[in-house]
Amino acid sequence: IDMYTDWCGWCKRMDATTFQDEHIIESINENYYAVKFDAERKDDIVVGDSTYSFVPNGRRGYHALAAQMMNGRLSYPTYVFLNEKREVVTTVPGYKVQTDMLPILEFMAQFDPVSNPTDYQTFMQSYVSPYEEAEESENEE
């Protein structure tokens, strides 16, 4: 879930750059049910037996569902990864360039704390970036 707000410049930049990248698009399409969620939306949302609403706070406010999924850390953009049971597995805050976002997407697509408990640092030791491969091909020409 891409948690964003209308006023967030880094969120807009993610949409214009990182989320336009062919490798990012392919990874998301193959591995995720992608959702953009305005963390300041005003309508109620029902999940199971719970109803989540907008919470006025200062000049803006926030949506209670966003606050719950982000553990109260209202920072934008933030990417929330859920498992099949719709439980939050992890959150990743902040603007990410393509070369940083793709390994996160690829790691989370295969992450399972029971059957595949590999941590991110171990994953990155064997990760081969398609961006590095493309750069090497250009240098050989």
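**Overall layout**

Helices (H or I, at least four residues) and strands (E, at least two) are DSSP runs, numbered from the N terminus. With that in hand, read this protein from its N terminus: the elements follow the order β-α-α-β-β-β-β-β-α-β-β-α-α-α. That makes six helices and eight strands.

This is a predicted model, where local features need pLDDT of at least 70 and side-chain atom pairs count only at pLDDT 80 or more, while totals for chains, interfaces and linings use all residues. Residues are numbered from 1 along each chain as its sequence is written, and side-chain values use heavy atoms, leaving out hydrogens and water.

**Aromatic pairs**

Let's turn to the rings. Rings of Phe, Tyr and Trp (its six-membered ring) pair if their centres lie within 6.5 Å; planes under 30 degrees apart count as stacked, over 60 as edge-to-face and the rest as tilted. The whole structure holds nine aromatic pairs. One of them joins tryptophan 10 and tyrosine 95, tilted at 45° with 5.0 Å centre to centre. Tryptophan 10 lies in helix H1 (residues 9-16) and tyrosine 95 in the loop between strand E8 (88-93) and helix H4 (98-110), so the pair ties together parts 85 residues apart in sequence.

Phenylalanine 107 and phenylalanine 111 also form a tilted pair, with 5.4 Å between centres and 40° between planes.

**Charges over rings**

A charge sits over a ring if NZ of Lys or CZ of Arg is within 6 Å of the ring centre and within 35 degrees of the ring normal. Lysine 36 does this with tyrosine 4, 4.5 Å from the ring centre. Lysine 42 has its charged end over phenylalanine 54, 4.1 Å from the ring centre.
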